[in-house]
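Trainee: Could we go through this structure together, one step at a time?

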Amino acid sequence: MKSRRDFLLKIGGSALTLPLVSALTPAQAAVLPETSPVADKQLRVVLVGLGSYAERVATAMKDCKIAKLVGGVTGTPEKVGKWSDKFGLDKANFYDYKDFEKIKDNPNIDAVYITLPNSMHHEYTLRAAKMGKHVICEKPMSVSVKQAQEMIAACKKANVKLYIGYRLHFEPYTRELIRMRESGELGKIMHVNTYDGFKSGNPNQWRLKKALAGGGALMDVGIYCINGARYATGEEPIWVSAEEAKTDPVKFKEVDETVTWQMGFPSGVIASCSTTYNFNNFERLYVIGEKGFVELGPAFGYGPIKGRTHKGEMSWDTTKMHQTWQMDGMADCILNGKPEPNISGEEGLKDMKVIEAIYKSIAAGGKKVPV
């Protein structure tokens with residue numbers, strides 16, 4: 001796990017920025033996630049893989065109301081003391097990968113959040129399901145459609161929840177975009193433009209190794225563009241056509257560097273999308289309808305997300321980290337039966353189907369491929 005430990009996230013920034021919205025319209029109040037969810041108990045979570053993203057989740061969970069971080073799984077023994085001290089965790093709730101199954105016998109753990117490299121999501125989801133623990137799996141949920149299907153089947157068989165770490169489905173700007181589309185305020189959706197990327201740093205990081213990542217920019221941040229186009233239209237794509245550009249064949253020998261693609265939807269809408277590991281300042285979601293538009297930019301990073309619509313600038317509470325919204329929101333779904341906002345394993349599978357179709361189109365020279 002050394003490469004995971006060395007990896008530094010390159011997207012996003014501070015989660016503390018815009019001022020609180022002091023007065024909300026009824027529509028605004030409806031779109032905000034529950035700010036103080038309550039439950040008879042807390043959802044007790046361990047993080048599997050204590051890398052930089054897990055640390056971000058752990059930090060965010062300090063402010064959660066009904067989700068509680070209780071431990072972790074790591075292959076680095078010295079992290080146990082560091083994490084237990086930093087986050088006030090009981091060392092009894094820490095495990096090594098080789099004794100992962102012992103979590104089954106710990107009644108103080110309800111769920112695991114898998115933040116390991118992509119190729120390990122499948123294995124640890126299946127192992128967690130066998131233990132009867134709920135599973136939260138970071139995106140992309142797997143490295144293939146087949147793996148995603150097996151993960152869903154395993155969790156259904158074990159009667160446990162499988163959620164994918166789609167934090168944006170709990171984030172206020174994204175929720176408002178979805179609300180405007182669903183309410184008809186935008187009218188018929190006519191076009192979607194979405195892109196996301198950054199300049200990848202360390203050439204030795206696991207994300208540039210196909211055996212661990214499964215793919216490059218498309219798997220990592222291009223998935224936000226796919227998911228964004230899906231929730232911007234409310235439809236599932238029926239075809240894709242894609243091309244890849246590679247300016248550094250040494251650094252990106254094993255994975256994709258820059259991918260540009262189109263997705264066609266049943267209504268006739270075409271989404272134009274792009275993702276990259278080669279440059280920064282590349283992050284936007286623009287939805288055009290017959291009656292109006294929504295533009296988010298930045299649209300996918302850790303914050304602050306900013307946006308505007310045909311009505312003017314958007315202004316939402318951004319004082320919470322996205323993962324605080326996410327973890328309390330997921331706990332609310334599990335503990336209180338709240339509706340699941342497109343975070344299920346089935347949602348992850350839909351994105352994986354599009355990703356596989358994009359790679360097939362690239363291999364076919366940009367030919368249109370059905371999803």
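Trainee: Which residue stands opposite Arg308 in strand 13?

Mentor: Before answering, keep in mind that this is a predicted model, in which local features need pLDDT of at least 70 and side-chain atom pairs count only at pLDDT 80 or more, while totals for chains, interfaces and linings use all residues. Residues are numbered from 1 along each chain as its sequence is written, and side-chain values use heavy atoms, with hydrogens and water left out. Strand 12 (residues 293-296) and strand 13 (residues 307-309) pair in the antiparallel sense over three bridges, where strands (E, at least two residues) and helices (H or I, at least four) are DSSP runs numbered from the N terminus, and two strands pair if DSSP finds at least two bridges between them. The residue standing opposite Arg308 in strand 13 is Glu295.

Trainee: What is the order of the strands in the open sheet?

Mentor: The sheet is open and has nine strands, with mixed pairing. The order of the strands is 14-13-12-11-7-10-9-8-15.

Trainee: Why is one side of strand 14 and of strand 15 left without a neighbour in the sheet?

Mentor: Strand 14 (312-313) and strand 15 (369-370) stand at the edges of the sheet. One side of each is left without a neighbour there because each has a single partner strand.

Trainee: Is Pro370 buried or exposed?

Mentor: Pro370 is found in strand 15, and it touches Ile238, Trp239 and Ala357, not counting residues up to four places away in sequence, where contact means heavy atoms within 4.5 Å. Buried means under 20% relative accessible area, exposed over 50%, and partly exposed in between, with a 1.4 Å probe and protein chains only. With a relative accessible area of 64%, Pro370 is exposed.

Trainee: How many of the 15 residues of helix 10 are buried?

Mentor: Helix 10 (residues 322-336) reaches 20 Å from its first C-alpha to its last, close to the 21 Å expected at 1.5 Å a residue, the expected span being 1.5 Å times one less than the number of residues. Helix 10 is followed by Gly337, whose phi is positive, near 70°. Helix 10 is largely enclosed by the rest of the structure, because the number of its residues that are buried is 13.

Trainee: What separates the C-alpha atoms of Pro370 and Gly337?

Mentor: Along the chain, Pro370 and Gly337 are 33 residues apart. Their C-alpha atoms are separated by 35 Å.
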